[in-house]
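Subject: Structure for you to look over

Hi,

Here is the structure I promised to send. Please open it alongside this note. My findings follow below.

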Amino acid sequence: MKVRRQVNQITVTGMVLAATPLGEYDRRIVILTKERGKISAFARGARKPNSALVGVTSPFSFGEFTVYEGRTSYTLVSASISNYFQELRMDVEGAYYGFYFLEIAGYYAREANDETALLKLLYQTFRALVNPHIPNRLIRRVYELRAVTVNGEGPQVFECVCCRGREQEMMFSVKRGGLVCSRCMNTGYISDARGLHPSTLYTLQYIISAPIEKLYTFVVKEEILEELGGIVTDYLVEYLGKTFKSLEILETIL
């Protein structure tokens, strides 16, 4: 007697993080999904010119993906893309910012994990990238800081990391992971503490705590952006410990 194995077909909402050629005509894609976290899927024939999967398997594509769920992998059946972010395909700088953001999402995301917040952050960030009124440098800092916060590694920017006080004058210590008050500064050796402009502190607090949908609703002065950039860069070096190829390329064209 022949046993028929039931194939499970599901539809997930997500964004294509990466696409890799496979064989002569196929493609392997990585999708950050709301329902299943980060998954890999084979797209059979996706590199054939007349394939319905040609456009929908490109990075930046956001929408619904219908896949067969196998024992060890997924196979893409079809997709309904709601946003291709086509503007980035004609903007070299914007595209590499986009690839960098995808790399960070791919680094943090896990399969079968609830990645709803990370996917929402990624989508809102791409919407900001195609908005000419928001500087790309600011978008980068907002995304970097909120991404590490979503992953549970964000800095403490509302109270002293040592005594939890809020009344004293504050400085920022990367090694301590956030704000340090003047009293604790005087009682402990904290070599890397730096002063913060009040607007920089407010910006840090806003990025970490604001609803994701409202993250990209502000701009800051150049000096605040410079200070913010220095803090976020040093923080990522300390706690992320990862280099991204797309960022290396991006920094050569800026």
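Start at T203. Leaving aside residues up to four places away in sequence, T203 touches F218, V220, I224 and L228. Bear in mind that this is a predicted model.

Where does T203 sit? It is in helix α5, which covers residues 198-209. Is T203 buried or exposed? The relative accessible area of T203 is 4%. Buried means under 20%, so T203 counts as buried.

Now the chain as a whole. It holds seven helices and seven strands. What order do they come in along the sequence? The pattern reads β-β-β-β-β-α-α-α-β-β-α-α-α-α.

Next, the overall dimensions. The C-alpha trace spans about 80 × 45 × 30 Å along its principal axes. The chain has 254 residues, and 45% of them count as buried. Its accessible surface comes to about 13500 Å². Carbon and sulfur atoms make up 49% of that surface.

How much of the contact set links residues 24 or more positions apart? Among contacts with a separation of 6 or more, such pairs account for 59%.

Last, charge. The chain carries 30 positive and 27 negative side chains. The centres of these two sets lie 8 Å apart.

When you have the model on screen, go to helix α5 and find T203 there. Then pick out its contacts, F218, V220, I224 and L228.

Best wishes

Conventions:
Residues numbered from 1 in each chain as written. Predicted model: local features only at pLDDT ≥ 70, side-chain atom pairs only at ≥ 80, totals over all residues. Heavy atoms only, no water. Helix = DSSP H or I, 4+ residues; strand = E, 2+ residues; numbered from the N terminus. Buried < 20%, exposed > 50% of the residue type's maximum accessible area, 1.4 Å probe, protein only. Contact = heavy atoms within 4.5 Å. Areas by Shrake-Rupley, 256 points an atom, 1.4 Å probe, with all protein chains shown as cover. Lys, Arg positive; Asp, Glu negative; His and termini not counted. Charge placed at Lys NZ, Arg CZ, Asp CG, Glu CD.
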